[in-house]
Amino acid sequence: MPDYIALYRAYLEQEKHASPNTVSSYVRDLTQFRVWLPQGSDLRRVKPAAVEEYLAHLTDQGRSAATVTRSAASIKSFYHYLVLSGAMKASPAKGVAAAKVERKCPEILTGREVELFLEQPKCVDEKGYRDHAMLELMYATGVRVSELIALNVEDVNLPAAFLRCGDEKRERIIPLYPRAVKALRDYIQVIRPRLADQEEAALFVNMNGQRMTRQGFWKLVKHYQAKAEITKDITPHTLRHSFAVHLLENGADLRSIQEMLGHADISSTQIYAHIIKQHLQDVYRKAHPLA
């Protein structure tokens, strides 16, 4: 398979006569995007949902709006080149606008909406048990999508009710509530052995027994949003954001939430405090007779 990023670099240098700094930043952004994609992914087969999820991932990592906007521009330019060169018929980044990646308050589900959403996977077959365990675990821990699908069976400690998440440099331990423990126990002990070989380390696998992908999880979330008839735009990150806000509303401190979310900087966590403050202001304006 051709190295399309290398070909794109040559295009920028030889045909567009871009400055060395521009070439370097574009190639760096694209290399980071390729590393984020599942190993061995064909850049020509990337879907729009994956581009949007990657940009959301950058924002969640605490990257500035300018950095995310530049990354979006790099990806759009790269795919525009692939279309021009005939390597692709259409760009998966065409509909991505800078406004979509600006740092803003994320969508949050109410407690009732979370309950409704989590109720959608019906535990009547392998897929239902697996999907229920995935969604329950995501709301229980607030892990990122990339972390969720990277989990191995050994990362879950059911007797002690906690999850080990992250990498060797920044590992964190997140507790699990009883309902999440039960969902995971049912899946791990009964369902997963029917789906995956003993050699497979992944905690969550698709119906072919291979590790779940970001794209697969994205489709799963959208499917259950439609079933729940929730009008809010639910993305794979929505449960993570809702997890943080609901903890804060119920008395958790920002530092503890920062630790559980794995934010390197407290400023990334403070956005949830702004959400609650904005909610209180909205309630005041609507309810106070003189407001």
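Author: A residue is called buried if its relative accessible area is under 20%, exposed if it is over 50%, and partly exposed in between (1.4 Å probe, protein chains only). The structure is a predicted model, in which local features need pLDDT of at least 70 and side-chain atom pairs pLDDT 80 or more, while totals for chains, interfaces and linings use all residues. Residues are numbered from 1 along each chain as its sequence is written, and side-chain values use heavy atoms, without hydrogens and water.

Reader: What makes Tyr187 and Phe204 an aromatic pair, and why is the pair called stacked?

Author: Rings of Phe, Tyr and Trp (its six-membered ring) pair if their centres lie within 6.5 Å; planes under 30 degrees apart count as stacked, over 60 as edge-to-face and the rest as tilted. Tyr187 and Phe204 are both buried.

Reader: Where in the chain do Tyr187 and Phe204 lie?

Author: Tyr187 belongs to helix 8 (residues 178–195), and Phe204 to the loop between helix 8 and helix 9 (214–228), 17 residues apart. Helices (H or I, at least four residues) and strands (E, at least two) are DSSP runs, numbered from the N terminus.

Reader: How many aromatic pairs are there by this rule, and why is the pair of Tyr8 and Tyr11 called stacked?

Author: The count is nine aromatic pairs. For Tyr8 and Tyr11 the centres are 6.3 Å apart and the planes at 25°, so this pair is stacked. Both residues lie in helix 1 (residues 4–14), three residues apart, about one turn of the helix.

Reader: Why is the protein called as compact as a globular protein of its length?

Author: The protein has twelve helices and three strands. Its radius of gyration is 21 Å, close to the 19 Å that the globule rule gives for 291 residues, so the protein is as compact as a globular protein of that length. The radius is taken over C-alpha atoms, and the rule is 2.2 Å times the number of residues to the power 0.38.
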